[in-house]
Amino acid sequence: MLQTDMVHGSSENQTTSTEAITEDEILLQDQQLKRIEDEQKSAPLVGDKCSLFSLVALYDPDTSSAFFSKANELTEVYSDIRFIRGDGNCFYRAVLVGLVEIMLADKEKLRKFITSSKEWTEKLVKLGFPDWTCTDFCEFFIEFLQNIYDGKDNADAVFKNLNDDNTANYLLMFFRLITSGHLKENAAHYEPFIGEGLTLAQYCETEIEAMWKESDHLAIIALVKATNIRLRIEYMDRSEAPNGGWHHNLPDGNDDASFVPDITLLYRPGHYDLIYKKPAVAS
Amino acid sequence: MSATRRLQKELGDLKNCGVKAYENVECEETNLLKWTVLLLPDKEPYNKGAFKVGITFPVDYPFKPPKVTFETKIYHPNVDEEGKFCLPIVTAENWKPATKTEQVMMALLSLINEPEPSHPIRADVAEEFQKDNKKFMKTAEEHTRKHAEKRPE
């Protein structure tokens, strides 16, 4: 997994100027991109749930002592981890998998989410995503949920779908569209946070609606609001946490005492995985 | 293959889009991933001919962009001798899965109708376009007459 993080970093250099580069350089760049892609593809899109000690095992107590001890500390509260492939979609994918797991276990929540997904389809059209290519992603997503609801797809089939590139891409695209939709719907609120002379619409087009683009804080808030989930993010590296603490609750303004997250993610620099709390011990 | 679901609908859409400039589209009988569009620019010096444009869709379409090239030779500052050109909408960095082929064709048509000599692929042609436009028009017209396909009636 460490390797995928490194891959993550280097893939950020892809968007260099294409002007004035020779064919040899293009060829070399293509080969590098291909190698990065091959490395990424060696990990499953969605790993099996496994013990959190497999995270501890990734770090050397001497050379990575900070991460090693943090991983150990996490095992006191969390029991399991599900590794997600590091390909720029990991945040969206982790939330998708977390939500699907909840809905597999709770038919009422599934029913509500189908309803809200249908509402999102209409809302996207109203927000100016007029093309059928957008609603096509919505319809695919709703069909995926409906198949679970109707008992056509069991958990095995669902995870097979989540691990199938093309199916999963369709589902992720729905998440990207509603993330963008939430930002556009509340443009006045989010506009001040967009940097570098971009408009909110441009930001959404280039950073959210394009696949394999990593999520930033704005994307995270927007997806949390669009899906109406309570999310906790645990940080391996304290300096990365926005509040200077070890974890962050979303939506903002939720203190630890009353906050019960639906989904918990573990953030390691540039990457998100799903983690699961230890079952409560009856006293 | 999920590309099929989308491409069947897009093919029908493009055929019925009502824009003469790119509604003539054919797809290989056994391969939905390969299309040929007959592009009919409406501005001089290209409005006397028809230009075949090949579109190859990747298997993971619409998540990766299609590859689009001219199969008919065209004398244009933004298209090289092999028919390749640079269209931002279909580059890997800019590609959005919701983009339709019709939008790609619209962007290509506008590039052909309104050359962008400031971002040339063929510097010599761009220079001629800017410095000796008369000569450029003449060469391009001759080139069209010689290489381009006949426009459908």
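User: Which residue of chain B forms a salt bridge with Glu205(A)?
Analyst: This is a predicted model: local features need pLDDT of at least 70, side-chain atom pairs count only at pLDDT 80 or more, and totals for chains, interfaces and linings use all residues, while side-chain values use heavy atoms, without hydrogens and water. Residues are numbered from 1 along each chain as its sequence is written, and chains are lettered from A and ligands numbered from 1 in the order in which they are written. A salt bridge needs a side-chain nitrogen of Lys or Arg within 4 Å of a carboxyl oxygen of Asp or Glu. Here the closest N and O atoms are 4.0 Å apart, and the partner of Glu205(A) is Lys96(B).

User: How many residue pairs are in polar contact across the interface of chain B and chain A?
Analyst: A polar contact is a pair of N or O atoms within 3.5 Å; within protein, one must be able to donate a hydrogen and the other to accept it, and residues adjacent in sequence count only if both atoms are side-chain atoms. Both residues of each pair are at pLDDT 80 or more, and the rule finds three.

User: Which element of chain B supplies the largest share of the side that touches chain A?
Analyst: Helices (H or I, at least four residues) and strands (E, at least two) are DSSP runs, numbered from the N terminus. Six residues of that side come from one element, residues 2-15, which is helix α1 of chain B.

User: How many charged residues are on the side of chain B that touches chain A?
Analyst: Ala, Val, Leu, Ile, Met, Phe, Trp, Tyr, Cys and Pro count as nonpolar, Asp, Glu, Lys and Arg as charged, and the others, Gly among them, as polar. The side has six nonpolar and three polar residues, and its charged residues number ten.

User: What area do chain B and chain A bury between them?
Analyst: Contact means heavy atoms within 4.5 Å, and 19 residues of chain B are in contact with 21 residues of chain A. Buried area is the accessible area (1.4 Å probe) that two parts lose on being put together, summed over both. Carbon and sulfur atoms carry 58% of it, and the total is about 1,900 Å².

User: How far apart do the C-alpha centres of domain 1 and domain 2 of chain A lie?
Analyst: The bounds come from an automatic or database domain assignment. Domain 1 is 51-82 + 230-282, and domain 2 is 87-229. Their C-alpha centres are separated by 24 Å.

User: Which residues of domain 1 of chain A lose the most area to domain 2 of chain A?
Analyst: The two domains bury about 1,400 Å² between them, with 74% from carbon and sulfur atoms. Three residues together give 34% of what the domain 1 side buries: Arg82(A), Ile263(A) and Tyr272(A).

User: Which residue forms a salt bridge with Arg82(A)?
Analyst: Between domain 1 and domain 2 of chain A the count is one salt bridge. The closest N and O atoms are 2.7 Å apart, and the partner of Arg82(A) is Glu101(A).

User: How many residues apart are Lys123(A) and Glu185(A)?
Analyst: Lys123(A) and Glu185(A) form a salt bridge, with the closest N and O atoms 3.7 Å apart. The pair links distant parts of the chain: Lys123(A) is in helix α6 (residues 107-126) and Glu185(A) is in helix α9 (residues 165-185), a separation of 62 residues.

User: Why is chain A as compact as a globular protein of that length?
Analyst: Chain A has twelve helices and six strands. The radius of gyration is taken over C-alpha atoms, and the globule rule is 2.2 Å times the number of residues to the power 0.38. The rule gives 19 Å for 283 residues, so chain A is as compact as a globular protein of that length: its own radius of gyration is 19 Å.

User: What is the radius of gyration of chain B?
Analyst: Chain B has four helices and four strands, in the order α-β-β-β-β-α-α-α from the N terminus. A compact globule with 153 residues would have a radius of gyration near 15 Å, and chain B agrees with 16 Å.

User: Where is Pro62(B)?
Analyst: Most peptide bonds are trans. The bond joining Tyr61(B) and Pro62(B) is cis, with omega about 5°. Pro62(B) lies in the loop between β3 (51-56) and β4 (67-70) of chain B.

User: Which loop holds Trp212(A)?
Analyst: Phi of Trp212(A) is near 60°, a positive value in a residue other than glycine. Trp212(A) sits in the loop between α11 (200-208) and α12 (217-227) of chain A.
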